[in-house]
Amino acid sequence: MTLFMRDCKIQFPQMINKSIMLLGLVVLHSTFINGKTTCKWQFVEEWHTQPLSYMVNWTLTENICMDFYGDCWFGDVNTKMNTSGNQVVPQICPLQIQLGDILIISSEPSLESPEINLMNVSEASFIDCLQNTTTEDQLLFGCKLKGMHTVNSQWLSAGTHYFITVTASGPSFCHLGLRLNVTVKEQFCQESLSSEFCSGHGKCLTEVWSKTYSCHCQPPFSGKYCEELDPCSYKPCENNGSCINKRGKLNKQGYECICYPPFTGIHCSEIIGQCRPRICFHGNCGNITASSFICECDEPFSDNTPYLFQSNANDE
């Protein structure tokens, strides 16, 4: 494989010394992976308004996780990964950052003698450490990885990016774990750049495996940007009635109460078969039982005979 290196002249040590050094790295790596490394995650994070810098040590001696479906990704959540098979993919602990953050790669001094660089690849190539096409367009840096390098923002657009180690010759460090996937998240918490985050009624948050930041609203607000007031949050339906939000529909109060017998009315505060406002158009209403009432009509709407009404509790 030929690596494209600009402005970097590399003098390799004698082949025997190089082989001894590489063998030492493999032994060190094998010793390290006997212990289990669990990647540490913050399950919920809030969007920060100023960019943060993240340093990733490009080394075989720390932050290498071995179980693709375990210590790298915390069991159940990694079922969301679009991969096939239960493959062991040793890798540097995955990173999740927000759009605009800065990523710095710091190389292990023992890795500076081999001529190595980082390459952007597909997810499938990341899993199998495939280096099918090596071009300058895929290399992250213009010269070999030595010391600290800042990753160009072109490799940190929104989405998930996969970086593997490539070498001019010798063993594949990628298979030993020198590979990193970085998920870069954008936020959808503002209607416009001048708008307040979540309309000032919530927080702009992301969770592990969420692809973006979004608004988590404080009651009684809801909506994509927490811009809507939820009338059901005030619990207007009495007697265990269910509240249905009717915003955007022809409904004056903005909600509808679904009542359970024997209750009825706008707020489920009335009883089926008992007096309700204006049920006796021209007269006075009087309850007789839980399911019957009587109207005593006013003159001249009455023949002096009260009218008795009975209602089934299942009917309104």
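The model is predicted. Start inside. Nonpolar side chains tend to be buried together in soluble globular proteins. Here the largest nonpolar core holds 25 residues. V56, W58, L103, I105, V151 and V182 have the most contacts inside this core. Six elements are listed as giving two or more residues to it: β2, β5 (95-98), β6 (102-107), β7 (116-121), α3 (173-176) and β10 (179-187). The largest share comes from β10, with 3 residues.

Take V151 as a way in. Its neighbours within four places in sequence are set aside here. V151 is then in contact with L103, I105, L140, F141 and L156. Another core lies apart from the largest one. This other core has 11 residues, including F126, I164, V166 and C174.

Now turn to the backbone. Most residues other than glycine have a negative phi, and most peptide bonds are trans. N63 has a positive phi of about 60°, yet is not a glycine. Look for N63 in the loop between β2 (53-58) and β3 (64-65). N63 counts as partly exposed because its relative accessibility is 39%, between the cut-offs of 20% and 50%.

C226 is not a glycine either, and its phi is positive, near 55°. C226 sits in the loop between β13 and β14 (228-229). Its relative accessibility is 0%, under the 20% cut-off, so C226 counts as buried.

Finish with a peptide bond. The one from P219 to P220 is cis, with omega near 10°. P220 belongs to the loop between β12 (212-217) and β13 (221-222).

Technical notes
Residues are numbered from 1 along each chain as its sequence is written. This is a predicted model: local features need pLDDT of at least 70, side-chain atom pairs count only at pLDDT 80 or more; totals for chains, interfaces and linings use all residues. Side-chain values use heavy atoms; hydrogens and water are left out. Helices (H or I, at least four residues) and strands (E, at least two) are DSSP runs, numbered from the N terminus. Buried means under 20% relative accessible area, exposed over 50%, partly exposed in between (1.4 Å probe, protein chains only). A nonpolar core is a set of buried Ala, Val, Leu, Ile, Met, Phe, Trp, Tyr and Cys residues joined through side-chain atoms within 4.5 Å. Contact means heavy atoms within 4.5 Å.
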